[in-house]
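Work through the exercises below with the structure in view. Try each task before reading its solution.

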Amino acid sequence: MTSTSTPPGLARFNTLEEHAALTALHEACASTAWAKRLLAARPYATSEDLYAASDAAMAELTAADLDEAMAGHPPIGRPKPGDPTSAREQRGMAGASDALKAEMLELNLAYQERFGHVFLICATGRTGEQMRDAVRERIGNTPEQEREIVRTELGKINRIRLARLVEED
């Protein structure tokens, strides 16, 4: 591939009909505002251009947009049934002990009680213990600190999901 050629998966995404592209983006992130910003900036010359647009759109999301994005994520340790994406991303909890799963359930509930939304972390590549330790650490944050951490974590998740979208042939 030369620097002037667009990768096949990205070229396919660039030429998707608007509704199909919006649907694909919405599967990556439940924020309508984020998806519409990415859709409006098509076509992308490189995957990095797409990721940069994603980062910029994430930085501009309002609190309501973040709430909408978070609503698309199941609690850690409880991937959506029949959703291979959440199961793959939360693989680190799949082999966790019953005690760890029970602890994560309690921590998830305490976090949600404190912040009003699901505990969100880029779980890809993390063990159950690492996720547990992260929620333990973050539960002491202020709501403002946690909002910005969530924004960062969503950005990481979106990049991973976008890579899967545009790297598939």
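**Exercise 1.** Locate His73, then decide whether His73 is buried or exposed.

*Solution.* His73 lies in the loop between helix H5 (63-70) and helix H6 (84-89). Helices here are DSSP runs (H or I, at least four residues), numbered from the N terminus. This is a predicted model: local features need pLDDT of at least 70, side-chain atom pairs count only at pLDDT 80 or more, and totals for chains, interfaces and linings use all residues. Residues are numbered from 1 along each chain as its sequence is written, and side-chain values use heavy atoms, without hydrogens and water. His73 has a relative accessible area of 11%, so it is buried (under 20% relative accessible area; exposed is over 50%, partly exposed in between; 1.4 Å probe, protein chains only).

**Exercise 2.** Find which residues His73 is in contact with, leaving aside its neighbours within four places in sequence.

*Solution.* Contact means heavy atoms within 4.5 Å. The partners of His73 are Val118, Leu120, Leu154, Ile157 and Arg161.

**Exercise 3.** Find how many aromatic pairs the whole structure holds, and describe them.

*Solution.* Rings of Phe, Tyr and Trp (its six-membered ring) pair if their centres lie within 6.5 Å; planes under 30 degrees apart are stacked, over 60 edge-to-face, the rest tilted. The search finds two pairs. Tyr111 and Phe115 form a tilted pair, 4.6 Å centre to centre, with 45 degrees between the planes. Both lie in helix H8 (residues 98-115), four residues apart, about one turn of the helix. Tyr111 and Phe119 pair edge-to-face: 5.1 Å centre to centre, 80 degrees between the planes. Both Tyr111 and Phe119 are buried.

Conventions. Helix = DSSP H or I, 4+ residues; strand = E, 2+ residues; numbered from the N terminus.
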